[in-house]
Amino acid sequence: MSAKKLGLKQRYAHMTRGLDWETSYQPMDKVFPYDSFEGIKIKDWSAWEDPFRLTMDTYWKFQAEKERKLYAVIDAFAQNNGQTGISDGRYANVLKLFLTGISPAEYQAHRGFAFAGRHLRGVGPRVAAQMQSLDELRHLQTQIHTISHYNKHFDGISEFSHMHDRVWYLSVPKSFFDDARSAGPFEYMIAIGFAFEYVLTNLLFVPFMSGAAYNGDMSTVTFGFSAQSDESRHMTLGIEVIKFLLEQHPDNLPIVQKWVDKWFWRGHRVLGLVAMMMDYMLPKPVMSWKEAWEIYYTQAGGALFQDLARYGLRPPKYADIATAEAEHISHQNWAIFYQYTHAAAFHTWIPDAKHMDWLSEKYPNTFDKYYRPRWEMWGRMAKEGKRFYNMALPQLCQTCQIPMGYTEPGDPTTIAFRSSRFRGETYHFCSDGCKDIFDAEPEKFAQSWLPVHQIFQGNCGGATIPDVLNYYRLANGADNLDYVGSPDEKLWNEWQADKLKTAV
Amino acid sequence: MTIQIKTVDMEPKRQTFGHVARRIGEGKSATRYQEGTFDVQPTTNFHYKPLYEPEYWTYDPRKTRVVMEDWYKPLDPRQYYYATYNISRATMNQAVERNFTFAEERALADKMSPAARKQIETYLLPLRHLHWGANMNMTEITQRGYGTAITAPAIFSAGDHLGMAQIISRIGLLLDGQTGVSLDLAKEVWINDPAWQGIRKLTEDSFVERDWFHLFVIQTLAINGVIFDLIYKMGDAGWADAQMTIALLTEFMSDWRSDESRWSDAVIKTVAAESEANRALISQWASTCIGAAVEATRPLSAAFLGDGGAGAEMAGEATAKRARGLGLTL
């Protein structure tokens, strides 16, 4: 009897799952101690379909090739002072938000996928998660290297790592990833692999990279192109994970549904920062947040959840509220940062007349009615020397940690407040979505390290703003406040003047 | 003769990130390794205790008993960041491709004696499971460890072990005419052959080690030093007439071993040098796990090399000598 030559699929199985064995000197439950407490039931790990069949030799080859090209561009960008060719000095603030808020999340994803890559019992998903762990480390490091050159010239970038652990608004993405990292491996895979990398990635990755393309940032956009094939691998893994869990056992459905609801809303809140970036921070806007939400969530997400309906999964709870919020969220967020500009590590500004007209066009239902009047009023106040700063520390939502500035669904002139009682204390929320998340896991969310509470408790360097800025390593007068009058603006104007001189 | 292109010099405000400058000195330009490694792991103000291990934070220096004032002291002498790691491995892998093509073109597998083939099937192919075990351990160190200086090279090492498990698998497929029969047999050997059971037990015991730096010592010092070195470095005689073929097809492994040990030795040396307490603890760990690895490997050495276990002893002695060179007292 002669055995048959292997097909590609069986060959890949030998290269991955064939390596594993059932342990007998130590019980499997001790070797994999974390994959049962979440209640997910897996009948047959071997039913896992490998979403891509990548062996390490091919991985090294592809990735090395991409890295060679990317670093050649990064070097050329620095050598030719590419930072002087961006659309406007304001654009650098997008990179500040990205490196302080998003890149550290790539790091957390790297460590989180290593956790899943070690502790999921099935070999197929474990190998895929390990490759994603490597990829996420790549994204962190290439983003640092891409933005490193900007850091040499612009303020607000230099202390990104220190700030991520401390600054008030950076606790929004940090707590999001801390939440996923402190969950079990299955919830992690749904939170980051599915909800974040599949459902929401086009609303995070794409806006930043398209923003870079539109605004002359060749360095960052090259990173974006280079990471695209990694991202599509991550998306395939995310969709495979959710299908696998739903196919394995009907008891998994309510657990997975709860996670989809939770992580959709958590993700939506983090993406509010992206919304503000797209609508207000890009000197040359790509599209409005509302348009992006329509294309990437309402349409693409709609099709996705239609596809998943056969497993009994329904679209995330409060998706309708999130869609309605797309009319408001960027305006409300930028207003928060405008008021607290003294405590933010990027610059703010009032949109100019042309930009406001663009916002009117993109938001015909809301901008002129609710938001333009406020910007015009703040503009007049600034002209009169009474630039508006909010010097009171805001109440934060216990779950998403964003200042409680969002409005009631259907009533954009009333701030939304929700609260819950737990162990004799009252906890406050910005929305029903955030309240539900707390109510489902109050022991977890009662622990939140809320920046404002921490300041009041004396854990952030002291009681005054200079004390806190010092604790943040935020250089007062350079990293914070309005773009107009900032050292960034001065430098940018000098570069522009130099260009004119050279042209003459 | 040189030519010089005139470029516009723009005076930068700063040379690198604040946390990097505080380590290398203000006004100095940093390497990509430094910028991509230093202080990128969160260290404070965590929000939630892990549901699965509430006694620790997600990133917590207490997950090992060794104590470092600064976990960015044990740096990687190779200065790998993602790009340089992948470029290095892609280059090493070009040799693998050439060697496999050479072996296929010359039909080296068909020219082996049955005895040599039997040796490879029994003593080389099961190593893919040991590499997979090493992959699990290095991934565990990545997720559980503290400080990117160690955890980033650890995921590179995990990738290396998966890659090497796959190279061994390809050797099996070369031998069995791409049917996978030899790999199924090798797994049987790994699970049941008495010569391998000590090693399998050692591996499974390492899977449940909760102290990640202890695991680092077990894997990089004892398992790499005793078992992998016995087979890849000291096992030439065991392959009979296939000696050259195996040397050719495992070239990656010998390149990897000298590359990785530069890093793992430097890590152990630096952490041991931090304090007498660290040195004592790591010495005790090393002594125990090298001893356990020698015991576990003795039956394999006896069966593979027919040496009554002397090869395992020699590998153990070489490892102990290496450990002493790192400042440990054994």
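These legends describe close-up views of a predicted model. Local features need pLDDT of at least 70, side-chain atom pairs count only at pLDDT 80 or more, and totals for chains, interfaces and linings use all residues. Residues are numbered from 1 along each chain as its sequence is written, while chains are lettered from A and ligands numbered from 1 in the order in which they are written.

**View 1. Chain B has 14 helices and zero strands.** Helices (H or I, at least four residues) and strands (E, at least two) are DSSP runs, numbered from the N terminus. The C-alpha trace of chain B spans about 70 × 60 × 40 Å along its principal axes. Of its 330 residues, 52% count as buried. A residue is buried if 20 or more other C-beta atoms lie within 10 Å of its own, exposed if 12 or fewer, and partly exposed in between, with C-beta atoms placed from the backbone. Among contacts in chain B with a separation of 6 or more, 74% come from residues 24 or more positions apart. Contact means that the C-beta atoms of two residues, placed from the backbone, lie within 7 Å.

**View 2. Chain B meets chain A.** Here 68 residues of chain B are in contact with 71 residues of chain A. Helix 7 (148-175) of chain B is among the elements that give two or more residues to this side. Helix 7 of chain B gives the most, with nine residues. By class, the side of chain B that touches chain A has 30 nonpolar, 24 polar and 14 charged residues. Ala, Val, Leu, Ile, Met, Phe, Trp, Tyr, Cys and Pro count as nonpolar, Asp, Glu, Lys and Arg as charged, and the others, Gly among them, as polar.

**View 3. B:Trp239 sits in a loop of chain B.** The loop lies between helix 10 (212-233) and helix 11 (243-249). B:Trp239 is buried, because 23 other C-beta atoms lie within 10 Å. Leaving aside neighbours within four places in sequence, B:Trp239 is in contact with B:Ala116, B:Gln119, B:Ile120 and B:Ile246. In helix 5 (residues 114-123) of chain B, the buried residues include B:Gln119 and B:Ile120. The cover over the buried residues of helix 5 of chain B includes helix 10 and helix 11 of chain B.

**View 4. B:Lys233 belongs to helix 10 of chain B.** B:Lys233 is partly exposed, with 15 other C-beta atoms within 10 Å. B:Lys233 and B:Met253 are 20 residues apart along the chain, and their C-alpha atoms are separated by 9.4 Å.

**View 5. Two helices pack in chain A.** The axes of helix 3 (residues 56-79) and helix 5 (residues 123-151) of chain A come within 10 Å and cross at roughly 10°. Helix 3 of chain A is therefore roughly parallel to helix 5 of chain A. Axes are lines fitted to C-alpha atoms, for helices over the stretch in contact, and angles run from 0 to 180 degrees between N-to-C directions. Angles under 35 degrees count as roughly parallel, over 145 as roughly antiparallel, 65 to 115 as roughly perpendicular and the rest as oblique. Helix 3 of chain A contributes A:Tyr59, A:Leu70, A:Ile74, A:Phe77 and A:Ala78 to the contact. From helix 5 of chain A come A:Met131, A:Thr142, A:His145, A:Thr146 and A:His149. The contact residues divide into six nonpolar, four polar and no charged.

**View 6. Strand 3 (residues 418-422) and strand 4 (residues 425-429) of chain A run antiparallel.** Five bridges join them. Strands pair if DSSP finds at least two bridges between them. A:Ser420 stands opposite A:Tyr427, and A:Phe422 has A:Glu425 as its bridge partner. Two residues lie between the strands of this hairpin, where A:Arg423 takes a positive phi near 45°.
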